[in-house]
Amino acid sequence: MAEERIPIPRERLRLWWAAVALTSGPIAFGLVMYLLRGTAGFAVMTSVTNVCYGWRLQDRLLTEPLWSLVKSAPIIVVGPAFAGWALCRRRGLNRTAAWIGWAAPVCLLPVSLLEPALVAADGLSGAECLRTWTEGPFLGWALGDLYYLLPAGLAVAALHGPRRRPRRRPRRRPRRRRALGAAVTGVLLLAGVTADRGVERPISGPAACAHAFPPAPPPTETPAHAVARLPRARRELMFLCSARGRVPALGPGAYAAYGTPGGRRDERPDDQLLAMGRRLCRTLAAAPPGDRAPSPLVSAAAAQLTASDPVRTAAYLCPDTAARRLPDLRRSARQEAEEAARYKARMNAACARPRLAGSPSHRATAAVFVGEGGGYYVSDGPPTAGDPFNAAIDDGLISAAGNAAAVMTGIENGYLCLTVAAYRDGPPLMLRGWDRVVEVGLDSPDGRLRVTTMADGSPPLPVLSLKGPGSYRLRVYVRGREKARASTSDLPVETHLIVVFPGRSTKTTVFRNSER
C-alpha cells in the first residue's frame with residue numbers, strides 16, 4: 001500500500017521558495033560579477049590592530065571557515081532546511097519538520113545581526129572605534145548582513161503558516177504582490193550594499209606621485225611640523241606614494257632632491273591603504289610615549305603595509321603621533337646638525353694621537369666613519385687602473401693600483417681613529433704597538449692624494465702628496481681590528497696610521513702581521 005502523502009499549504013511553500021531565492025542572491029551576484037569583470041571581488045586584509053573589541057571580534061570571525069561559508073552562501077542552510085521540512089511534513093512528521101525548519105532562521109539571525117551589533121558596540125565605545133569601521137567598505141559590508149533578515153523572516157512565516165481570517169477567502173493577488181515586493185527589495189538591498197566590491201577603486205600612480213615629495217622645511221622647523229601644516233589631501237597622497245615605494249618615508253633627507261626610490265609597488269586601492277595607515281596611527285597613539293619596542297598591536301598594524309618603514313610612512317598621516325616614537329622627526333635641520341656635531345666631537349675626543357717617527361710636514365687625527373663592508377681609499381681622484389677594493393678584500397688589508405689604494409677595516413658602519421702623516425722623505429720604520437704594517441706604491445697625477453670613504457666622503461684630513469704630482473709610497477699601520485669586530489661600544493676602538501712619502505717603487509712590502 002502506497003504511503004499517504006499529506007499536502008502542504010501552497011502559501012507555506014511560496015514563502016520557503018522566496019527564502020531560498022533570496023539566499024541564492026549572494027552566489028548569483030558573485031557569479032554575475034565574475035562573468036562581467038573576471039573577478040569575484042577582493043579579499044579584505046584585517047588584523048587585530050586596536051583595542052576596539054567589536055572590531056577585534058569581527059576580525060576573529062573572518063578567520064572562521066564555517067562563519068565565512070554561511071555568510072557567503074546562506075543557501076547551504078536554507079536549502080537543506082526547506083527540503084527536510086517539506087519531506088517531514090508530507091509524511092506527517094510535523095514536530096520533526098518544525099525542528100528542521102527552525103534551523104534556517106536560527107542560523108541566519110546571528111549572521112545578520114552580529115556584525116551590526118559589533119558596529120553599534122564600537123560606536124558606543126567612542127568615535128575612534130567607530131572610525132575604524134567607517135574607513136573603507138567595512139561598515140557597508142557589516143550593515144549588508146541585515147539583508148539576511150529577509151530570508152530568515154520568510155522562513156519564520158513559513159513555519160508559522162499564514163494567518164487565516166474567518167469567512168473571508170484570502171486574496172492571492174495582494175499576497176503575490178507582497179512576495180514580489182519583498183524579493184525586489186532584497187535584491188536591490190544586496191546589490192546596493194555589495195556594489196562597491198566590483199567597482200574599480202582609484203590607485204595613485206606614478207604621475208600623481210611625481211609631485212608628492214614633502215617640501216624641505218626651514219632650518220628651524222621640524223619635519224613633523226612641516227608635514228602637519230600641509231593640507232590633508234596632500235599628506236594622504238604622500239602617504240599613498242610612500243606606501244607604494246614612489247616617495248621616501250618621512251625623515252631627514254626625504255625631500256624633493258632625494259629622487260624617486262625603487263622598490264615594491266603596493267597596488268591595493270587607495271582607500272584600503274589609507275584605512276590601514278590610519279589604523280596604524282591610532283595604534284601608535286595608544287602606545288606609551290617614547291616606547292620604541294614594537295608591541296604586538298603595532299607590529300600587526302605595521303605588517304599590513306609593504307613599505308620598508310611603515311611607521312615613517314604613516315607619519316605623513318599622523319606626524320605628531322609618529323614623532324613620539326621617532327625622535328628625529330621632532331628635531332629641525334639645525335638641531336640635527338648640532339647633534340651630529342656634538343656626536344662627532346665625542347668620537348674625535350676618543351681618538352688619541354699615536355706616536356710618530358721623525359717630523360712629518362702634515363699630520364692630523366680624526367674619527368672617520370666607514371659604511372657597510374668597511375674600508376676606505378687613499379687616492380688622487382677616481383681610480384684609473386681599476387678599483388682596488390676587491391683586491392684589498394682578498395689581501396685582508398690593502399691593495400694599490402694606479403692612483404688609488406684601498407684599505408680594509410675591522411669595523412663597518414662605525415667609527416675608527418685615523419691619523420695621516422705626510423713626509424718629504426721616508427721616515428723611520430716603527431713596529432712596536434701595531435698589529436700589522438704594510439707598504440705599497442701609488443701615483444698622484446694631480447698632486448691631490450687624500451683619504452676618502454664611501455660613507456663619509458672626504459674626512460677633514462690634509463692632502464698627503466707634499467711634492468705635487470708624482471709617485472709615492474704609502475705605509476699603513478693598523479691595530480684593534482679584531483677588537484672592533486667584537487666591540488659593542490659606539491666609541492672607536494680601531495686605530496689606523498697612514499704615512500705617505502715620495503718613492504718610485506710599486507712593490508708591496510709586509511713589515512709585520514700579528515693578526516690571527
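Is Asn 390 buried or exposed in terms of relative accessibility? In this predicted model, Asn 390 counts as exposed, at 56% relative accessibility, where exposed denotes over 50% relative accessible area, buried under 20% and partly exposed the range in between, computed with a 1.4 Å probe on protein chains only. The model is a prediction in which local features need pLDDT of at least 70 and side-chain atom pairs count only at pLDDT 80 or more, whereas totals for chains, interfaces and linings use all residues. Residues are numbered from 1 along each chain as its sequence is written, and side-chain values use heavy atoms, with hydrogens and water left out.

The chain contains 21 helices and 10 strands; these are DSSP runs numbered from the N terminus, with helices (H or I) of at least four residues and strands (E) of at least two. Of its 516 residues, 45% count as buried. Contacts, meaning heavy atoms within 4.5 Å, were also examined by sequence separation: among those between residues at least 6 apart in sequence, 76% join residues at least 24 apart.

The largest nonpolar core comprises 33 residues. Such a core is a set of buried Ala, Val, Leu, Ile, Met, Phe, Trp, Tyr and Cys residues joined through side-chain atoms within 4.5 Å. Trp 16, Val 78, Phe 82, Trp 85, Ala 104 and Trp 133 have the most contacts inside this core. At least two of its residues come from each of helix H1 (10-23), helix H3 (53-61), helix H4 (65-72), H5, helix H7 (103-125) and helix H10 (149-160), and H5 gives the most, with seven residues. In soluble globular proteins, nonpolar side chains tend to be buried together. Ala 104 touches Trp 16, Val 77, Val 78, Ala 81 and Ala 155, residues up to four places away in sequence not being counted.

Helix H10 also holds Ala 152, which is buried with a relative accessible area of 3%. With residues up to four places away in sequence again left out, Ala 152 touches Pro 105, Leu 108 and Leu 109. The C-alpha atoms of Ala 152 and Pro 105 lie 4.6 Å apart in space, although the two residues are 47 apart in sequence.

H1 and H5 pack at an angle of about 160°, with their axes 8 Å apart. Axes are lines fitted to C-alpha atoms, for helices over the stretch in contact, and angles run from 0 to 180 degrees between N-to-C directions. H1 and H5 are therefore roughly antiparallel to each other, given that angles over 145 degrees count as roughly antiparallel, under 35 as roughly parallel, 65 to 115 as roughly perpendicular and the rest as oblique. On the H1 side, Arg 12, Leu 13, Trp 16, Trp 17, Ala 19, Val 20 and Thr 23 meet Ile 75, Val 78, Ala 81, Phe 82, Trp 85 and Arg 89 of H5. By class, this contact has 10 nonpolar, one polar and two charged residues; Ala, Val, Leu, Ile, Met, Phe, Trp, Tyr, Cys and Pro count as nonpolar, Asp, Glu, Lys and Arg as charged, and the others, Gly among them, as polar.

Helix H5 (residues 75-90) also packs against helix H6 (residues 94-101), at an angle of about 175° and with the axes 8 Å apart. H5 is thus roughly antiparallel to H6. Pro 80, Ala 81, Gly 84, Trp 85, Cys 88 and Arg 89 of H5 meet Asn 94, Thr 96, Ala 97, Ala 98, Ile 100 and Gly 101 of H6. The classes represented are seven nonpolar, four polar and one charged.

For helix H14 (residues 232-243) and helix H15 (residues 270-286), the axes come within 10 Å and cross at roughly 95°, which makes H14 roughly perpendicular to H15. Arg 232, Glu 236, Phe 239, Leu 240 and Ala 243 of H14 form the contact with Asp 270, Leu 273, Leu 274, Gly 277 and Arg 278 of H15. Five of these residues are nonpolar, one is polar and four are charged.

Asn 390 itself belongs to helix H20 (residues 389-395), and its C-alpha is 9.9 Å from that of Met 408, 18 residues apart in sequence. Asn 413, in the loop between strand S4 (404-407) and strand S5 (414-422), is partly exposed at 43% relative accessible area. Asn 413 has a positive phi of about 55° although it is not a glycine.
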